[in-house]
Each structure stands twice: as C-alpha cells, then as structure tokens.
Amino acid sequence: MNKFIIPSEPQNLTTINYEDLMRIENKILTNNKLTQLEVETFLDYLVYMVRIKLDEDFTNATYKNLCNRAQCMIHYYLEDLNVEHYLNRSFDSITKDAVDHSFVVAIFNAEDYSLPYIIDPTYRQFFETERCKKRPLTPGNFILEKNKEIIVNFLQKGYMKMNKENTEVYGNSLYFSSPNIPKPVIPISGDIFAKTFLKGHAVISKSRRALVKEGLYIQPLVSQNKDLVIKKRK
C-alpha cells in the first residue's frame, strides 16, 4: 500500500547557491523588484529549510501536526526580511469547523506586479493513505482528478501562486472538510478565498526565542554575513 494517496515527494535541494540567495534577500530588504525566478528560488530555499528542520526523511515525512510550527518558522524569516505576509488558520480564514490547519500567504514585489503565493510545507499530511481511509472529511479526499497536477506540484514545492484556480482547489479542499457546511456542497470561488487569505491575522504561537531553542529558527543569510551592507526599507 502506498503511504500517500497522491504520490509525491518534497523537493530536496541537493545544492544551494548561498551567494545568489543572499543577493535575493538583499533585493527584498532594499525593496528592489524581483523576477519570478528569483521569487521561486527564494521560496524553494525557505520551504526546504522548514522541511529539513521538521523532518529530514522526505520520502516518509507526513508533517502531521507540524503546520503551526512551520507557520511560525516562515513568519519570522519573512518578518526579518520585511516581506508582506499573512498568517492564516483554516477555522478563521475558511470556516470554523474545517480541519485545523495553518498556512501563510506572502506577497512579493515583482517586476511588473505584486506576486502573492500560498506557502504550506505541511499540506502533505492530508494525503496520508491511512488518514484518508479513516477520516473521510480529510482535504486529500476532495481533490478531483482534473486538479491532481496542481496538487502534485504543490505537494512537491510547498508553495504555489495564489491565482484563482490554485486558490480554489486548495481552499475548497479545506472547506469541504467541515461536517457542517450546507448540503449540497457548493464550491467557493478562488477569488473569495484569496480576499479572505489576504486578511489572515492568526496569532503566532511560538516566540523567536522558542524556535531558536528548538533549532527551528531560520536566520536570513544576509544577517549572517557581516560584510554585506543592508539598508532596510522603512
């Protein structure tokens, strides 16, 4: 039996170009526009660091009950770099009886527009085969065949653009997990979810000090390089 109902494996970075990442971090701190490639290089690194600190067994890791820790790790890293971001908790951002889950939405200053991304390194927990069999109201059970390609990529990357299609698939998978939504169940538009996600204000549950103590804090690379001059935007 497969461990997960949708086969996927978190992206494992075998090499990391720290010089390039420091350059991107510095561009963010100085409010310079990023290319989409730079944004996704940045997110590849961030998600990888979150996952490797939570569970380095990428083949078998489920990240069960680790979404809140992941959210805290992402929050402080983005906060240190002045990245606009929103902390979401499913029972606030989607519906009060949805499966409890934490995730982040971040907005990046791209070349011609702002790029919003959903960041959720632990979504894989909802696709564990045993869980999906025992708990019918699990997000993984609500992914349609036509949307599997979106989800496979998301499970691998741990982030995706917050466009209408992606947000609709993701948001409804959590929304449908509520046992108390009106029947027949009608999907919610991705645009509606996006507006709500951009108002996320979940309370952070761990201090920066607690993360450091647990070995979970992700320090920006630029703050580790004392020879790099940083001018933070006001």
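Before I turn to the helices, let me say that a helix axis here is a line fitted to C-alpha atoms over the stretch in contact, and that the angle between two axes is taken between their N-to-C directions, running from 0 to 180 degrees. Please keep in mind that what we are looking at is a predicted model.

With that in hand, consider helix α2, which covers residues 36–54, and helix α3, which covers residues 67–80: their axes come within 10 Å and cross at roughly 135°. Because of that angle, α2 counts as oblique to α3, and the crossing in which α2 passes α3 is right-handed. On the α2 side, the contact is made by Phe 42, Tyr 45, Leu 46, Met 49, Val 50, Lys 53 and Leu 54, while α3 brings Arg 69, Ala 70, Met 73, Ile 74, Tyr 77 and Leu 78. Sorted by class, this contact has eleven nonpolar and two charged residues, with no polar ones.

Let me move on to the pockets. The largest pocket holds about 230 Å³ of space, and its lining includes Phe 142, Ile 143 and Leu 144, together with Glu 165, Glu 168 and Phe 176, among others. That lining divides into six nonpolar, three polar and three charged residues.

The second largest pocket, for its part, holds about 170 Å³. Which of its 13 lining residues lie nearest its centre? They are Asn 65, Cys 67, Asp 100, His 101 and Gln 125, and the lining as a whole has four nonpolar, five polar and four charged residues.

Key. Residues are numbered from 1 along each chain as its sequence is written. This is a predicted model: local features need pLDDT of at least 70, side-chain atom pairs count only at pLDDT 80 or more; totals for chains, interfaces and linings use all residues. Side-chain values use heavy atoms; hydrogens and water are left out. On a 1 Å grid over the protein atoms alone, a cavity is a set of points where a 1.4 Å probe fits but cannot get out, and a pocket is an open set with protein on both sides within 12 Å along at least five of seven lines; lining residues have an atom within 4 Å of a point. Grid points are joined across faces, edges and corners, and a volume is the space filled by probe spheres set on the points. Ala, Val, Leu, Ile, Met, Phe, Trp, Tyr, Cys and Pro count as nonpolar, Asp, Glu, Lys and Arg as charged, and the others, Gly among them, as polar. Helices (H or I, at least four residues) and strands (E, at least two) are DSSP runs, numbered from the N terminus. Angles under 35 degrees count as roughly parallel, over 145 as roughly antiparallel, 65 to 115 as roughly perpendicular and the rest as oblique. A crossing is left-handed if the near helix is turned anticlockwise from the far one by less than a right angle, and right-handed if clockwise. Contact means heavy atoms within 4.5 Å.
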